[in-house]
Amino acid sequence: MNLVIVESPAKAKTIKKFLGKDFEVESSYGHITDLAKKDMGIDMKNLEPIYQISSDKKEVVKKLKSLAQKADMVWLASDEDREGEAIAWHLYKELKLKPENTKRIVFHEITKNAIQNAIQNPRDIDINLVNAQQARRVLDRLVGFEMSPILWSKVKAGLSAGRVQSVAVRLICEREKEIEKFIPVPVYKVEANFYNKTRNLLKSKLNVDFEEYTQALDFIRRAKGKTFSVSGIETKPGKRTPSAPFTTSTLQQEASKLGFSVSRTMRLAQQLYEDGHITYMRTDSVNLSNEALNSAVQVVTEQFGKEYLQTRQYTTKSKSAQEAHEAIRPTNLAIHAAGADEAQKKLYHLIWRRTLASQMADAKLERTIVDISNPELKEKFIARGEVILFDGFLKLYQAHNDEDSGEEENEGLLPKVEKGEEVQVEQITGEEKFSRPPARYNEASLVRKLEELGIGRPSTYAPTISTIQKRQYVETFDLEPKQSDVRRILLKEDKIEETVEAENYGADRRKLIPTDIGLVVNEFLTVHFPAVLDYGFTAKVEEDFDNIAGGNEDWKEMLTDFYGDFHPRVEKVRETAERATGERLLGKDPQSGKNIYARIGRFGPMIQIGESDDEEKPRFAGLMKGQQINSITLEEALKLFELPRYLGDYEGKKVEVNTGRFGPYVKHDNKFVSLKPKEGDEISTIALERAIELIEAKREADRNKFIKAFDSEEPVIELLNGRWGPYIRQGKENYKIPKETEAEKLTLEEVKKIISGAGTKTKTKTKTKKK
């Protein structure tokens, strides 16, 4: 018997289809070991990791060990990156496998040919890849476990620091500071519409911008009544070249235009990979195999014709490119559509189009520039346009300009004109425009920036972005537009009209914005740990990991060098750094005359009236969603102390609205229901009718959550539906119900067995939210 071990049950199911009866395929469900929690999980004498089998993997290991003992050959078939290599290594050690009947196989796609080829070409476990993964794991544990307690004592309990996550937060905080400091500079742009002799409209822009309104007005006055003609026509060929096939980061960036978050993109890609539809999804290679290139030649020729074919082999520009993976591509280019649901189908189709387009011909263009002038004016108008002569790859795929690129849309096709032809002015407009601050990051542009700086790797982008949001250092916001007054000048039918009009600006969708805690933590870490937060240092660490993976650097020496500088710094900061609160004095309380501060407190951002060392205890109020300590006004802060607000009675009990640690809420019968700002709920305007709706909706949700209870026990045992599936709750303890178990059919004895068998297994305490 042959035992094949992979890390995912979905992957196991797909591989099983391609192997005969002599093969049994089992899953390890990811890593079976982790660093021990005690003593950081590291032997500090030599920085050696201390591993233990994860509590939820003991049964898995027991089963695999039993199967391995019966097998003639064990094939370790985890992914071919560093994490996959580490999984294989830990399986080898924990299952006590022997070299004579253990083989390591790798493949970057789950197809019959790839699996059979891997079986025929096994290799040994690559200890260099394992050591690179161990080095990353140990270094990140050192940083997290030594820096986080300092944040607990110096900023706020429950915070965390991490090597890559803290640098990602720094990028977002620095961008926010750039935006706050930015002073818009006005410029006046002049555009004109002309009619040619066939009365077709020709749109153009003046070749200069004006710094002053008076300059723009003076030009339009000088242009009034003038005759304009075509003084030059330049036509030149152009082309557009297709983008390379997807890497992890470019897929994440392009999929964001489908509305997918980075983590969702990776989840969908993982599912497509495990079902055998695409190649491995964590890669920084743009290379395509000869098999894929041959397939592309056939599909392009059959679907579009030979003139659309242009084969290319792209090379990876990134110096940090990890193991020699392929780009992300369909395993079979002849299949246009694949995926179990609509989202998977959309992502697959995107990958299919991008891959095929990379092997298609350039698009051929004709670009035209038309100069329009008057001999009495030194300025001239310029009209630009282009014509697609041959669409090439654009027939299949066209990537849109990134929203942050600042590139203007192309003017499109121009009407036919001749040199010397007189054109008639339809209108000339002068408009005030303001320079724009740098755009805030969204998930896709943050991935691009991290990759550009050499920070993180394909496997770390999604977890990093997810972590900084879970830690509430960063939030995703849709920003409402603001308004500004814009001055406009219009010349039409030889009449000049000057107006001031309101214009919207600053609207942003799904932008990453630092929270108050994120800003304060970033300020503290950049001041006290400048080396760890340095972009160059973080990129250098990634290079060190790459060198270790290539067998060119000793991982323990690298860790020793790092820790020798890092640990003394930690001790110094612990002893000397002052507490950071981001405190900002807003003014005086009109009633008491005491100072009013905005700052970080024990439960997050808050307003404080009075001094901490006053005889009379200070008064506190939490900030509402959307408010920040660096921008809240004295008037807004005072309104927070007008709470709680009484709305009326319901079922004979008071209904009040207030704000607390978890945001604004309705209180009724000593129960709390959160307001829903995205549905228009405002603490200052919500009415009793809406509050009753929220109360009843919460009651309905609670009823749906309940499965059953055993009232005879003390405390009562309840079976509930949770976010991650059914679970048991007794008192303040929660216990997982094993997968494949029907919670509704559990008896009291079976429930007690699960509780008593939990022991050191995962159990969590139910937290009581304090409003």
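This is a predicted model: local features need pLDDT of at least 70, side-chain atom pairs count only at pLDDT 80 or more; totals for chains, interfaces and linings use all residues.
Which residue in S26 does Tyr665 stand opposite? Hold that thought while I get us oriented.

Okay, back to the question. Tyr665 stands opposite Ser674 in S26. The two strands here are S25 and strand S26, residues 671-674, and they pair in the antiparallel sense over four bridges. Together S25 and S26 make a hairpin, with two residues between them. Have a look at Asp669 in that turn, by the way: its phi is positive, about 55°.

Now the other partner. S25 also pairs with strand S24, residues 653-660, again in the antiparallel sense, and there we get six bridges. On that side, Gly660 stands opposite Gly663 in S25. So is S25 buried or exposed? Five of the six residues in this strand, which covers 663-668, are buried, so S25 is largely enclosed by the rest of the structure.

If you want a pair to click on, Tyr597 stands opposite Gln608 in S21.

Next up, the nonpolar cores. The largest one has 140 residues, and the members touching the most other members are Phe107, Leu347, Phe529 and Ile607. Which helix gives the most to this core? That's helix H5, residues 127-154, with 10 residues. Let's zoom in on Phe529: beyond its neighbours within four places in sequence, Phe529 is in contact with Met147, Ile150, Phe524, Phe566, Arg569, Val570 and Val573. Apart from this core there's another one, of 26 residues, including Phe194, Phe210, Val230 and Ile372.

Last stop, a pair of helices. The axes of helix H8 (residues 248-255) and helix H9 (residues 262-274) come within 9 Å and cross at roughly 115°, and the crossing is right-handed. From H8 we have Thr248, Leu251, Gln252 and Ala255, meeting Val262, Thr265, Met266 and Ala269 in H9. What sort of residues are they? Five are nonpolar, three are polar, and none is charged.

That's my tour, thanks!

Conventions:
Residues are numbered from 1 along each chain as its sequence is written. Side-chain values use heavy atoms; hydrogens and water are left out. Axes are lines fitted to C-alpha atoms, for helices over the stretch in contact, and angles run from 0 to 180 degrees between N-to-C directions. A crossing is left-handed if the near helix is turned anticlockwise from the far one by less than a right angle, and right-handed if clockwise. Contact means heavy atoms within 4.5 Å. Ala, Val, Leu, Ile, Met, Phe, Trp, Tyr, Cys and Pro count as nonpolar, Asp, Glu, Lys and Arg as charged, and the others, Gly among them, as polar. Two strands pair if DSSP finds at least two bridges between them. A nonpolar core is a set of buried Ala, Val, Leu, Ile, Met, Phe, Trp, Tyr and Cys residues joined through side-chain atoms within 4.5 Å. Buried means under 20% relative accessible area, exposed over 50%, partly exposed in between (1.4 Å probe, protein chains only).
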